[in-house]
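Here is a short tour to read alongside the coordinates.

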Amino acid sequence: MADFDYQKMNDYVTADPEVAKLRERRIHSRKKIESLKNSARSHICKMHGLYLAKNAVIDKFQYEPAGSEADEILENITGQCSECWEGEWQAAEEVVFDGQLSCAVAIGNLAKQIYKLIEDINLMTGCIETLEDELRKQFRTKFFKDQKAIKEVEQ
């Protein structure tokens, strides 16, 4: 009677096309998650940069009061009075806030996609484990059936 060969059983399970297909899909999903995480990191960096820009603008308003001389220089350079220029800066702050908001929405959408892929991976892993267990059981059954047939022939 031959010894049970675990390597052959492993090869049998690995060769199954359904198992191989699920493993490929799981690998693809993991790569997609990494890609989405990198994109989210990029959006977080952009959001932080916009935060720094917004703080710089706010600091400029709060800590550098303009005198009449500064108003004249500003008007010569920009063609706008200081009140008009302040309105432009406030509009710029709104643009920065809108950028931050869009980054936050993008990060939220990426997180939803990542969580969906993680859920899919967990389901695939469960299916793979179930299929592998069933294939191992089939291999063992066939092996012992073959061994029984060989034993009967030998007698």
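A residue counts as buried under 20% relative accessible area, as exposed over 50%, and as partly exposed in between. Lys116 is therefore partly exposed, since its relative accessible area is 46%. Keep in mind throughout that this is a predicted model.

**Overall layout**

The protein has 4 helices and 0 strands, giving the pattern α-α-α-α along the sequence. Of its 155 residues, 20% are buried.

**The nonpolar core**

Which residues touch the most other members of the largest nonpolar core? They are Ile33 and Leu36, in a core of 13 residues. Helix 2 (17-63) and helix 4 each supply at least two residues of this core, and helix 4 gives the largest share, with 7 residues. Leaving aside residues up to four places away in sequence, Leu36 touches Leu110, Gln113, Ile114 and Leu117.

His43 sits in helix 2 and counts as buried, at 19% relative accessibility.

**Aromatic residues**

The structure holds 6 aromatic pairs. In one of them, the rings of Phe4 and Phe139 have centres 5.8 Å apart and planes at 75°, so this pair is edge-to-face. Phe4 belongs to the segment before helix 1 (6-14) and Phe139 to helix 4 (residues 82-154), so the pair ties together parts 135 residues apart in sequence. Both Phe4 and Phe139 are buried.

Phe4 also pairs with Phe144: their ring centres are 5.9 Å apart and their planes lie at 15°, so this pair is stacked. Here the parts tied together are 140 residues apart in sequence, because Phe4 lies in the segment before helix 1 and Phe144 in helix 4. Phe144 itself is partly exposed, with a relative accessible area of 46%. One aromatic cluster is formed by Phe4, Tyr6, Tyr12, Phe139, Phe143 and Phe144.

**Surface and charges**

On the surface, Phe97, Leu101 and Val105 form a nonpolar patch with about 270 Å² of accessible area together. Val105 is found in helix 4 and counts as partly exposed, at 47% relative accessibility.

Side chains of opposite charge can pair when their charged atoms come close. The structure holds 5 salt bridges, and the table lists some of them.

| Salt bridge | N to O distance |
|---|---|
| Lys116 and Asp120 | 2.9 Å |
| Arg136 and Asp133 | 3.1 Å |
| Lys142 and Asp146 | 3.1 Å |

Lys116 and Asp120 are 4 residues apart in helix 4, so about one helical turn separates them. Asp120 is partly exposed, with a relative accessible area of 22%. Arg136 and Asp133 also both lie in helix 4, 3 residues apart, about one turn of the helix. Arg136 counts as partly exposed at 25% relative accessibility, and Asp133 is partly exposed at 48%.

Lys142 and Asp146 both lie in helix 4 too, 4 residues apart, about one turn of the helix. Is Lys142 buried or exposed? Lys142 is exposed, with a relative accessible area of 51%, whereas Asp146 is partly exposed, at 35%. Finally, salt bridges that share partners join Arg23, Glu132, Asp133 and Arg136 into one network.

Notes: Residues are numbered from 1 along each chain as its sequence is written. This is a predicted model: local features need pLDDT of at least 70, side-chain atom pairs count only at pLDDT 80 or more; totals for chains, interfaces and linings use all residues. Side-chain values use heavy atoms; hydrogens and water are left out. Buried means under 20% relative accessible area, exposed over 50%, partly exposed in between (1.4 Å probe, protein chains only). Rings of Phe, Tyr and Trp (its six-membered ring) pair if their centres lie within 6.5 Å; planes under 30 degrees apart count as stacked, over 60 as edge-to-face and the rest as tilted. A nonpolar core is a set of buried Ala, Val, Leu, Ile, Met, Phe, Trp, Tyr and Cys residues joined through side-chain atoms within 4.5 Å. Contact means heavy atoms within 4.5 Å. Patches are made of residues with over 30% relative accessible area and no salt bridge: like charges are joined within 9 Å, nonpolar side chains (Val, Leu, Ile, Met, Phe, Trp, Tyr) within 5 Å. Accessible areas come from the Shrake-Rupley method with a 1.4 Å probe; for residues, only the protein chains shown count as cover. A salt bridge is a side-chain nitrogen of Lys or Arg within 4 Å of a carboxyl oxygen of Asp or Glu.
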